[in-house]
Amino acid sequence: MTNAPKPQGLAPELADAMDRIRETELAIKRTEEMLAANIVARSKIRTAVEVAARLVRIHPTSPRRDTGTKAVAPCLPGEGQHIFLENSK
């Protein structure tokens, strides 16, 4: 329960109900803040996925000319790694 002063002259049940209402309002506020943070994170993840999809369209997986046996799938900028796929001939 909260440490908020209980109104004078109210029945204990009513004072407890008011405490629960205050706690519920606080929980709702925290939930709204977490939801807003999740929406921001979702937007960032979606943007990263869209960028990756564009990179794949711009640089599609194709046989490498030097060996002819492997293909390179590009990674997101800054990852510094490539995924090598066996060529399915």
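Let's start inside helix H1, residues 12-58. Arg22 and Asp19 both sit in this helix, 3 residues apart, about one turn. Their side chains meet in a salt bridge, at 2.6 Å from N to O. Keep in mind that this is a predicted model.

How exposed are the two partners? Asp19 is buried, with a relative accessible area of 1%. Arg22 is partly exposed, at 28%.

Glu50 forms a salt bridge with Arg46. Here the closest N and O atoms are 3.4 Å apart. Again we are in helix H1: Glu50 and Arg46 are 4 residues apart, about one turn of the helix. Glu50 counts as partly exposed, at 38% relative accessibility. Arg46 is also partly exposed, at 48%. How many salt bridges does the count come to? It comes to 2.

Let's step back to the whole chain. Which elements do we have? There is 1 helix, and there are 2 strands. From the N terminus, the order is α-β-β.

Next, burial and surface. The protein chain has 89 residues, and 8% of them count as buried. The accessible surface of the chain is about 7,600 Å². Carbon and sulfur atoms account for 60% of that surface.

Last, contacts. Take those between residues at least 6 apart in sequence. Of these, 9% join residues at least 24 apart.

How values were computed: Residues numbered from 1 in each chain as written. Predicted model: local features only at pLDDT ≥ 70, side-chain atom pairs only at ≥ 80, totals over all residues. Heavy atoms only, no water. Buried < 20%, exposed > 50% of the residue type's maximum accessible area, 1.4 Å probe, protein only. Contact = heavy atoms within 4.5 Å. Areas by Shrake-Rupley, 256 points an atom, 1.4 Å probe, with all protein chains shown as cover. Salt bridge = Lys/Arg side-chain N within 4 Å of Asp/Glu carboxyl O.
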